[in-house]
Structures are given as structure tokens and as C-alpha cells.
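Here's a quick briefing to keep beside the viewer.

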Amino acid sequence: MSEKILGQKAGREVSAGEIVVTEVDYVFAHDASGPLTLDQLKTLNISKPAHPDRTILILDHAVPSPNSTISNNQARLRKWAKETGSRFSEAGEGICHQVMAENYASPGQVVLGTDSHTVTAGALGAFATGMGATDIAVAIGLGKTWLRVPESIKIEVEGALQPGVYAKDVILTAIGKLGVEGANYKALEFVGETISKMRIDERLTLSNMAVEAGAKVGLISSDATTKKYLESRGRGKNFQQIAPDKNAEYEREMTIEAENVEPTVAFPDNVDNVKPVSEAAGLEMQQVFIGSCTNGRLQDLQIAAKILKGKHVSPNIRLIVTPASRETLILAMQDGTIEALVQAGASVTPPGCGVCFGALGGVPADGERILTTTNRNFLGRTGNPNAGTYLASPATAAATALKGALTDPRRLA
Amino acid sequence: MKTLNGRAWKFGDMVTTDHICPGRYFHLRTNLPELAKHTLEDARADYAKNVKPGDIVVAGRNFGMGSSREHAPVVIKVSGASAVVAKSFARIFYRNAVNIGLPVVICDTSRIEDGDELSIDLETGKLIDMTKKFEIKFAPMPAAMMGILSEGGLVPYIQKHGDLKI
């Protein structure tokens, strides 16, 4: 699929290993790397994006801003967007990857952002990848970038997932098999019956974590589900079918039987350090976080609310919930999801990156364990190198919050 | 490009961008000299305090795993290191390092020990461990990236060529 998308962009056939210079459909920078991006544009003496309508500045990492330094940085991005006529997503609108999925990314597009989880939009059939501030400055200024066409690894998932098992468990299982460097420089393609039946919410979870195996993109074929999603977002005209050829060449193929996937947890400090929740059940946690670009969408919050409704989290647990976007928050308020979570003891924080990367609230104490629905459990990731970060699905997170210790959601009565 | 000489600072496998530039110092990202005081803090707290200009970061597999934060190679450069040598690199870190003009070398680092005096010639692809008296040959960087690195990074490259001519 990478060769198809990049070939379409280049207007010729391209093959893995080749370097292409390609037009960029959308490029975004967020408040964590935006200031450095603007510094580089200034050095380049570029005052305006090549395509302001395809350039988006998104405030999501520090929401709301905790200090004057960050406020000043955010004000600079806000002002620059206004002056250049670029698009802008205000703090509280949502996490960049959710904003891109809701409003911009479409099949066949090249999407770049100053964040490694830009791969999320691969779920919509976009060649979406994260880069550093300098590459993004050049993409904003020139409207193009250079890419090495990646070789592809096929992850085929067949059959039905057991109740209580979700996309997050599938991707943690896949990364456990691939290893954190197993797809370095490669494209992951998620195919098969299980993927076809997944909603966009779930597909975004899979693509989001492709980078945790080192992958450059995590692509999913665009199909009727994608079309319906784009139509619901007012982007129906952008639909095009992107799917691998029947005889597509893969460097490696892996099959996962959905019915064998178990609720899975990644132990500190690497994402491939996975085991079934059932093998580690009972491990005490002190904090649970449900949110992020991986698992902060409506369906994720609904799954957690279903488990927690009418109950209360363990007295030993602090539960923090952060919806991925304002739209998610509104929908979750309207259907009672937020009320159920708050009644159960959750603190709900504004849409943003929140607890995930350790810079804004929810930092665990020394020796504590935090179970999160995010994508990284590196040492110090949640703000304290003397605490441990564990990754799991929203269902496992909610079950764990209820019991105060790691709990298989299938074991709840 | 001139020869790089310096002391080896040895690190293990899977050094992440959170080891190199912890997220908790987010507020310092627009103050690079201050941010660089925390370089590699969660891998070796002694590094940032004692690193000397020209020193060389030596690591195992998949150095720079994780975030696309360019601040990770930037703080290594600002800390004074002249290069990073590793068995392998995470994709985004490698590209970011080249873009900001920080030389990155891929070779078998097993025999290099902490404190060894190293000398690296990027053009001939040769690393000499002066302390242990052995030499490691390494493959040159892909041409597209060498073109960027030899201009000192992507910004000077664009300033010179006016476009991406990869």
C-alpha cells in the first residue's frame, strides 16, 4: 500500500528502498515541537507556509497551560497561525491525532506531523508519519518532503475477538511478537477479517501503535467503513479505495488468530514486554489513566463506563480520564458515559495529551505503579523514573481501577 | 568533514527519547542550554555533568527509540558530544540527528568500553579505539543523508540548494 500511495503521489511506479520527493497533503505541528519548528522556518527565512490551508497548528500537549513559558509558546503558535492564515486547533479541541482523524486525513494522502504517533491516520489509508521539527519546517515551507519507500510487513488478524478483548490487546500482542525494533524503517499493514469488522475508533488504536515496533506507517485498507466515517465527517468526496494487491510482496507476514488474543499488559519499560493479564493478575496499582491518542475515543470511554457504572473504583486507586477531543467529551457527556465515570470516582481532565507523557499532571509517586491505556511505558514516561508504567486496554484499565489490582476484564462477574 | 575525537560514554540497548530528553522537562524545550543539563539523565545521571566537548556517545541497539522530539539529538549536540555511535538507531532519531548536523555512526560497539578514547573518520568510515588499539570499519551513510549531513544539517542544506534535491 505504501508503494501505491507514494507512487500515486510521484506519478510513477515506485518500489521499496527508493527515495521519493513527494507533495504533502497535510502537515501539522503541536505545542511540544511547534516553537522549534517556527525557529527553523525563521532561520530558513520562510515567513509563510507553501499551503496555509494544509498547515495546521495544534495545541494539545499542555492543556491548559501550567506556566507562563508554555503559555508564551502557545501564544506564539496561535499568533503565527493567524498571521499566516494557517489552520489552528485551540487547546482543548483535542489531541493532534484525533483532530487529524476527525477533520483532515483521508485515504491516499501524505500526512506529516511533529509527533511519532502521526502514524494514527494510517487507519484511514493515509501515508501518515511523524518527523522532527526541522523536517516539518521544510514540509511547511516547501510543501514537500523526502521519503524512503518502506518495505512492508503484513499483520493478518482473522476470526472474532473474545468478549473483553479489544484492538489494544491485538496491537500489544503484535508488538510483543515483532519487538520494539522489529519493524524499524518498515510499513505495517493490518489486514484480515477482524480488521475489516473493526470500527474506525479501533483501527486508529492499531495504527497509532505501529511506531512502537519502529514502523514508519501503520496502514489499513480504506473500505466501506472508512467511506461511511468520512461521509459522517463531511469528507465523503475524499474517499478512494486503497488496498494491497492480491499478489503484494511482503518482507514478513504474521498471522494472529483473534480468538487466541487475551487481555494483554505491557510491563515496564518497553512496549514489547507483554504478557496476558491473567498471568499477572493481582498486581496492585495506585493510579489508572484512561485516555490518549491510543485509547481516548468515545468507544474506549463507553467500554470503561460500562464496567464502572453504578460502582466505585477501589479506595487505593486514583482514576484519571481524558477524552481525546472536545467532540468525544461532548458525546460522552450526552450519552451518560462521563457521568458514570465521574460517579465511579474518576477525575476528568480536558482533552489533550494529559498524563501520557509526564509533563502535565497525574505524575505517580516513587515506587507506584500506573496502569494506562496509552502507547508508551518507557522509564520515566509518566513523569517519574521511580514509578512503573503498564499499558493495557480501557476494559483492563477499568477492571483494574475497580479492583485496585491488575484484573482480567473477562473475570468480572 | 574533520576527524572526530573524544571519550566514549557507554550506554546500553534501547535508550529511549525519554532517557535522552525526559518529558518532565517539557517546559525547558525553548531553553536548550537548560534542557541540555538533563541530557541522558534517566540513563546516566553523570553524563550531563561531566561530558566534555567532543566526547562521543556510544550505545547498543535501537538508540533513540520513541518520540519524534528533535530535542533529543539537539540536547546531545548542545551537551557537547560530537557524534553518536550505536549498533542501530531508531528511525526518527537517526533522521533528526542528520537534520540537525549531529553525526551518527552505525557499527558494532561491543568492544568499546566507557572512557575509551575514540577517533572517527566519517569519510573513510573508520573508528579507532585509541585506548584499546583496534579499528572498526563502518558503512557510509546513505547518500541522501550524507548529502544533508555534509552541509551541516537540513536547514543549511536548503539554504544552499534552495530545494530538496535528494
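A word on naming before we start: helices (H or I, at least four residues) and strands (E, at least two) are DSSP runs, numbered from the N terminus. With that numbering, A:Asp269 sits in the loop between strand 12 (264–266) and strand 13 (274–276) of chain A. Keep in mind that this is a predicted model.

**Where chain A meets chain B**

- On the chain A side, 45 residues are in contact with 37 residues of chain B.
- Five elements of chain A each put at least two residues into the side that touches chain B: strand 1 (19–23), helix 2 (34–43), helix 3 (68–84), helix 5 (133–142) and strand 7 (144–148).
- Helix 5 of chain A is the top contributor to that side, giving five residues.
- By residue type, the side of chain A that touches chain B splits into 20 nonpolar, 18 polar and seven charged.

**Chain B as a whole**

- Chain B has seven helices and seven strands.
- Their order along the sequence is β-α-α-α-β-α-β-α-β-β-β-β-α-α.
- Chain B has a radius of gyration of 15 Å, close to the 15 Å from the globule rule for 166 residues, so it is as compact as a globular protein of that length.
- The C-alpha trace of chain B spans about 40 × 40 × 25 Å along its principal axes.
- Burial is at 52% of the 166 residues of chain B.
- Take the contacts in chain B with a separation of 6 or more: 65% of them come from residues 24 or more positions apart.

**Strands 9 and 10 of chain A**

- Strand 9 (residues 187–191) and strand 10 of chain A run parallel and are joined by four bridges.
- Across this pair, A:Ala187 is opposite A:Val217 in strand 10.
- Strand 10 (residues 217–220) of chain A is covered on both faces, with A:Val217 and A:Leu219 buried on one side and A:Gly218 and A:Ile220 buried on the other.

**Helix 15 of chain A**

- All of helix 15 (residues 394–403) of chain A is buried, 10 of the 10 residues, so it is largely enclosed by the rest of the structure.
- The buried residues of helix 15 of chain A include A:Pro394, A:Thr396, A:Leu402 and, among the charged types, A:Lys403.

**Backbone spots to check**

- The A:Val63 to A:Pro64 peptide bond is cis, with omega near -10°, and A:Pro64 belongs to the loop between strand 3 (55–58) and helix 3 of chain A.
- A:Tyr185 isn't a glycine, yet its phi is positive, about 75°.
- You'll find A:Tyr185 in the loop between helix 6 (167–178) and strand 9 of chain A.
- B:Leu40 is placed in the loop between helix 2 (32–35) and helix 3 (45–50) of chain B.
- B:Leu40 counts as buried, because it has 25 C-beta neighbours inside 10 Å.

Notes:
Residues numbered from 1 in each chain as written. Chains lettered and ligands numbered in written order. Predicted model: local features only at pLDDT ≥ 70, side-chain atom pairs only at ≥ 80, totals over all residues. Contact = placed C-beta atoms within 7 Å. Buried ≥ 20, exposed ≤ 12 C-beta atoms within 10 Å, placed from the backbone. Pairing = 2+ DSSP bridges. Rg over C-alpha atoms; globule rule 2.2 N^0.38 Å.
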